[in-house]
Amino acid sequence: MPGLLLGDVFPDFEAETTAGIIKLHEFLGDSWGILFSHPRDFTPVCTTELGRAARLCSKFSKRNVKMIALSIDCLEDHHAWSRDILAYNGEESVNCPLPFPIIADSKRELAVALGMLDPDERDKDGMPLTARCVFIIGPDKRLKLSLLYPATTGRNFSEILRVVDSLQLTANKQLATPADWQPGDSVMVPPNTSEEEAASLFHAGVYTKLLPSGKKYMRYTPQP
Ligand code: BEZ
């Protein structure tokens, strides 16, 4: 059975978190959302990831993105681990909460429902750990992007910021971004936009790179 597909309404689950009980859709409000899962508390790669996510949180907030993490341990562990993460980040005070909630999915209920388990990585009792999923949810509560990494590969949070920028250019400006695009580079006009529409939408001008086929599909415009 397929899991969540792009465009699906993201399940409106209720969960216990380090910031209290959260209902996902209410928590997100009109914002974008990123739900990212972790195999286990007090593990090295996860600690680097949550540390990096905490350092980047203001950049996500500036883009109107709310972050929420998930790990399959209890709240007490999450609170103790949060202090380790802040210390790993070199924070002077480790007794404040991380700038995003962590879901306590100790029974793995959400991990199973959202297809997050990594069958190749197991705990000491032989139970599968969560993989490193990233779900990016739009203000319409629909899934805009998902990434799935095994437990042994830490994610690149700068890449996650980059894809948020790309998704928001599509949502707000009807634009696409080419391979290896970085903010400030030219962006692309998607194939389903007619020449007339492109001319009326992109006032900075549209440059078409000509190719042997003669088809005019490589259309660039400066990033608005
Ligand atoms: C880690 O976060 O370091 C980790 C967790 C589970 C399996 C492998 C690595």
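Which residues does D123 touch, not counting residues up to four places away in sequence?

1. Basis of the note. This is a predicted model, in which local features need pLDDT of at least 70 and side-chain atom pairs count only at pLDDT 80 or more, whereas totals for chains, interfaces and linings use all residues. Residues are numbered from 1 along each chain as its sequence is written, and side-chain values use heavy atoms, with hydrogens and water left out.

2. The chain as a whole. The chain contains 6 helices and 12 strands; helices (H or I, at least four residues) and strands (E, at least two) are DSSP runs, numbered from the N terminus. Its C-alpha trace spans about 60 × 45 × 30 Å along the principal axes. The chain is divided into domain 1 (14-155) and domain 2 (173-224), with bounds that come from an automatic or database domain assignment. Taken over C-alpha atoms, the centres of domain 1 and domain 2 are separated by 36 Å.

3. Of the 224 residues in the chain, 42% are buried. Buried means under 20% relative accessible area, exposed means over 50%, and partly exposed lies in between (1.4 Å probe, protein chains only). The accessible surface of the chain is about 11900 Å², and 52% of that belongs to carbon and sulfur atoms; such areas come from the Shrake-Rupley method with a 1.4 Å probe, and for residues only the protein chains shown count as cover. Among contacts in the chain with a separation of 6 or more, 64% are between residues 24 or more positions apart. Contact here means heavy atoms within 4.5 Å.

4. The ligand. The residues surrounding the ligand are P39, T43, P44, V45, C46, E121, L129, R132, A151 and T152; a residue is near a molecule or strand if one of its heavy atoms lies within 4 Å of it. By class, this shell has 6 nonpolar, 2 polar and 2 charged residues. In this classification Ala, Val, Leu, Ile, Met, Phe, Trp, Tyr, Cys and Pro count as nonpolar, Asp, Glu, Lys and Arg as charged, and the others, Gly among them, as polar. Helix α2 (residues 44-62) supplies the largest share of the shell, 3 residues. A backbone N or O atom of V45 lies 2.7 Å from an oxygen atom of the ligand. For a polar backbone atom of C46 the distance to a ligand oxygen atom is 3.0 Å, and for a backbone N or O atom of P44 it is 3.3 Å. Taken alone the ligand exposes 270 Å², of which the protein buries 84%.

5. D123. This residue is found in the loop between β6 (117-122) and β7 (128-130). Not counting residues up to four places away in sequence, D123 touches R40, R108 and L129. D123 and R40 are 83 residues apart in sequence, yet their C-alpha atoms are 8.9 Å apart in space. Their side chains make a polar contact (3.2 Å). A polar contact is a pair of N or O atoms within 3.5 Å; within protein, one must be able to donate a hydrogen and the other to accept it, and residues adjacent in sequence count only if both atoms are side-chain atoms. D123 counts as buried because its relative accessible area is 16%.

6. Two residues with positive phi. Most residues other than glycine have a negative phi. R108, although not a glycine, has a positive phi of about 60°. R108 is in the loop between β5 (102-104) and α4 (109-113), and counts as buried at 9% relative accessibility. D180 also has a positive phi, near 60°, and is a residue other than glycine. D180 lies in the loop between α5 and β10 (187-188), and at 67% relative accessibility D180 counts as exposed.

7. Residues in helices. Leaving out residues up to four places away in sequence, H78 touches T18, D41, S71, D73, I102, I103 and A104. Q168, in helix α5 (residues 157-173), is buried with a relative accessible area of 13%. Beyond its neighbours within four places in sequence, Q168 is in contact with W32, R63, V65 and K173. V112 lies in helix α4 and is exposed, at 53% relative accessibility.
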